[in-house]
Amino acid sequence: MNHLHIALWGVLPYLVGAVLVAGTAWRYHYDRFGFTTRSSQLHEHRLLSIGGPLFHYGLLFVATGHVVGLLVPESLTERLHVSEPLYHANALFVGGAAGLATLTGLAVLLHRRLRVPAVRAATSRSDRVLYPLLVTVLLAGLAATATTLAPHSYDYRQGVSLWFRSLFTLDPDVPAMAHAPLPYQVHALLAMALFTLWPFSRLVHAFTAPLGYLARPYVVYRSRSAHPRSTAGRARARVVHGTRR
């Protein structure tokens with residue numbers, strides 16, 4: 001283990017976390033109304049209706065898989081009687097499918113952004129950095145997933161996961177990440193670059209997801225009267241005929 005390993009896996013994650021938190025707080029304070037995707041749906045809808053769900057739902061499954069894979073220790077899945085072959089098969093096929101769906105959705109969105117002049121004109125400087133970075137993060141993740149197809153492949157739960165969980169105890173397990181295969185290291189570095197850019201790009205809108213709608217009570221609407229003439233109409237008719245008191 002050398003000074004570069006300590007800087008990359010022992011110091012850099014905390015710097016990225018500080019930028020993420022401080023940058024988001026700054027953005028919320030000075031640009032609260034900028035927590036938006038700057039939707040371009042009015043310019044083009046067909047491609048957006050295809051790429052948007054593919055990207056967002058795929059990314060949701062990818063994020064869930066990362067949370068489970070990095071935060072859930074192997075001892076817990078053993079207590080739940082989930083065998084290692086089953087766990088890794090699920091991570092490979094479900095995670096790989098989610099990653100491919102996310103990448104496909106992003107490809108559609110990028111094609112749309114380049115093909116539609118109005119959408120292309122609305123592309124900001126941060127978008128020009130964000131989209132290539134997103135593509136490389138996804139490709140690096142898929143490459144790391146593909147390495148699990150080889151026999152006696154690297155078990156990230158005995159390496160990358162230990163390093164990630166150790167960050168929360170403020171005692172980073174630098175050797176665990178330093179000895180990980182290159183695809184995992186590249187994926188981790190690109191992910192940290194993405195989180196550094198997060199507060200200053202359109203990704204910040206993820207923090208404003210309307211989760212409150214899930215628990216909000218229903219809005220009750222009163223239906224129209226089944227009779228062709230409303231009560232007010234009948235009242236007006238009675239006035240016309242002199243029957244209203």
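**Loops, helices and contacts**

Reader: In which loop does Leu170 lie?
Author: Leu170 belongs to a loop between two helices. Helices are DSSP runs of H or I with at least four residues, strands are runs of E with at least two, and both are numbered from the N terminus. In this numbering, the loop of Leu170 is the one between α7 and α8.

Reader: Which pLDDT do local features need in this predicted model?
Author: Residues are numbered from 1 along each chain as its sequence is written, and side-chain values use heavy atoms, leaving out hydrogens and water. As the model is predicted, side-chain atom pairs count only at pLDDT 80 or more, totals for chains, interfaces and linings use all residues, and local features need a pLDDT of at least 70.

Reader: Is Leu170 buried or exposed?
Author: A residue is buried under 20% relative accessible area, exposed over 50% and partly exposed in between, as computed with a 1.4 Å probe on protein chains only. Leu170 has a relative accessible area of 67%. Because this value is over 50%, Leu170 counts as exposed.

Reader: How many helices does the protein have?
Author: From the N terminus on, the elements run α-α-α-α-α-α-α-α-α-α. The secondary structure has zero strands, and its helices come to 10.

Reader: What share of the residues in the protein is buried?
Author: The protein has 245 residues. The same cut-off for burial is applied to each of them. The buried share is 31%.

Reader: At what angle do the axes of α2 and α4 cross?
Author: Axes are lines fitted to C-alpha atoms, for helices over the stretch in contact, and angles between N-to-C directions run from 0 to 180 degrees. Helix α2 covers residues 46–71 and helix α4 residues 84–115. Their axes come within 7 Å and cross at roughly 145 degrees.

Reader: Which residues does Phe55 contact beyond its neighbours within four places in sequence?
Author: Phe55 is found in helix α2 and is buried, with a relative accessible area of 8%. Its C-alpha is 9.2 Å from that of Gly99, which is 44 residues away in sequence. With contact meaning heavy atoms within 4.5 Å, Phe55 touches Ala101, Thr102, Gly105, Leu106, Leu109 and Leu134.

Reader: Which residue's backbone oxygen does the side chain of Ser161 reach?
Author: Ser161 has its place in helix α7 and is buried, at 0% relative accessible area. Not counting residues up to four places away in sequence, it touches Gly69, Leu70 and Tyr156. At 2.8 Å, its side chain reaches the backbone oxygen of Gly69.

Reader: With which side chain does the side chain of Thr77 make a polar contact?
Author: Thr77 lies in helix α3, residues 74–79, and is buried at 7% relative accessible area. A polar contact is a pair of N or O atoms within 3.5 Å; within protein, one must be able to donate a hydrogen and the other to accept it, and residues adjacent in sequence count only if both atoms are side-chain atoms. A polar atom of the Thr77 side chain lies 2.8 Å from the backbone oxygen of Glu74. The side-chain partner, at 3.3 Å, is Arg157.

Reader: How many salt bridges does the structure hold?
Author: A salt bridge is a side-chain nitrogen of Lys or Arg within 4 Å of a carboxyl oxygen of Asp or Glu. One of them joins Arg27 and Asp31 at 2.9 Å, N to O; Arg27 is buried at 8%, whereas Asp31 is partly exposed at 32%. Arg202 and Asp127 also meet in a salt bridge. The number held by the structure is two.

Reader: How many residues apart in sequence are the parts that Arg202 and Asp127 tie together?
Author: The side chains of Arg202 and Asp127 meet at 2.9 Å, N to O, and both residues are buried. Arg202 lies in the loop between α9 and α10, and Asp127 in helix α6, so the parts that the pair ties together have a separation in sequence of 75 residues.
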